[in-house]
Amino acid sequence: MTLVDKPADCDVCTALTRQRDAARLAGRHTTVQSRNAEIANHRQFFLSTDEIAVGAVVYDRDSDMVGMVRGIGGVLVQLERPTHLRWEVPYARLRPGTEWEQKQLAALARLQRDRERGRS
């Protein structure tokens, strides 16, 4: 069985590695193989701004936050959260948002809409 490991600075790879190790201890070989495949295929960063689309959900490793891409200028990417917080970050510090992070951002948007309507 081949072990697949990536640098520890990637939070997604770290979580997948923990899940894989727990599955190994529990004897769930199919889960171990699945997590190895996910780790091997996980993108930890963008290689250029050409890979980033306006409207995409990305994770900013510097601020430890998920945001939506509002624009791209040179090497800087403008991000925004549903709370109207906006900031810029070099594209090399971003990685694609995971499915869970996309759901997290959507939930934050619903909460913000409710707050703005005075429901919370």
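**How the sheet and its salt bridges get their names**

Guide: Let's start at the sheet: strand β3 (residues 76-80) runs antiparallel to β4, and five bridges join the two. This is a predicted model, where local features need pLDDT of at least 70, side-chain atom pairs count only at pLDDT 80 or more, and totals for chains, interfaces and linings use all residues. Residues are numbered from 1 along each chain as its sequence is written, and side-chain values use heavy atoms, with hydrogens and water left out.

Visitor: What makes β3 and β4 a pair?

Guide: Two strands pair if DSSP finds at least two bridges between them. Five bridges join β3 to β4, so they pass. Leu76, for one, has Pro90 in β4 as its bridge partner. The strands themselves are DSSP runs (E, at least two residues), as are helices (H or I, at least four), numbered from the N terminus.

Visitor: How do strands of a sheet pair in general?

Guide: Through backbone hydrogen bonds, either parallel or antiparallel.

Visitor: In what order do the five strands form the open sheet?

Guide: The order is β4-β3-β2-β1-β5, with antiparallel pairing.

Visitor: Why are β4 and β5 called edge strands?

Guide: β4 (86-90) and β5 (94-96) each pair on one side only. Neighbouring strands of this sheet are turned by 50 degrees against each other on average, direction ignored. Such angles run from 0 to 180 degrees between N-to-C directions, using axes that are lines fitted to C-alpha atoms, for helices over the stretch in contact.

Visitor: How do you know that β2 pairs with β1 and with β3?

Guide: Check the bridges again: β1 and β2 have four, while β2 and β3 have five. Both pairings are antiparallel. Asp60 has Met65 in β2 as its bridge partner, and Val69 stands opposite Leu79 in β3.

Visitor: Which residues in these hairpins have a positive phi?

Guide: β1 and β2 form a hairpin with four residues between them, and Asp64 in that turn has a positive phi of about 60 degrees. In the hairpin of β2 and β3, two residues lie between the strands, and Gly74 takes a positive phi near 65 degrees.

Visitor: Which strands does α3 lie across?

Guide: α3 lies across β1 (57-60), β2 (65-73) and β5, at about 90 degrees to β2.

Visitor: What makes Arg86 and Glu80 buried or exposed?

Guide: Buried means under 20% relative accessible area, exposed over 50%, and partly exposed in between (1.4 Å probe, protein chains only). Arg86, at 54%, is therefore exposed, whereas Glu80, at 11%, is buried.

Visitor: How do you know that Arg24 and Asp21 are partly exposed?

Guide: Arg24 has 32% and Asp21 has 31%, so each falls between the two cut-offs. Their side chains also meet in a salt bridge of 3.1 Å, N to O. They sit three residues apart in helix α1 (residues 11-26), which means about one helical turn separates them.

Visitor: What about Glu99 and Lys103?

Guide: Their closest N and O atoms are 3.5 Å apart, so this is a salt bridge too. Four residues apart in helix α3 (residues 99-116), Glu99 and Lys103 are separated by about one helical turn. Both residues are exposed.

Definitions and conventions
Salt bridge = Lys/Arg side-chain N within 4 Å of Asp/Glu carboxyl O. Contact = heavy atoms within 4.5 Å.
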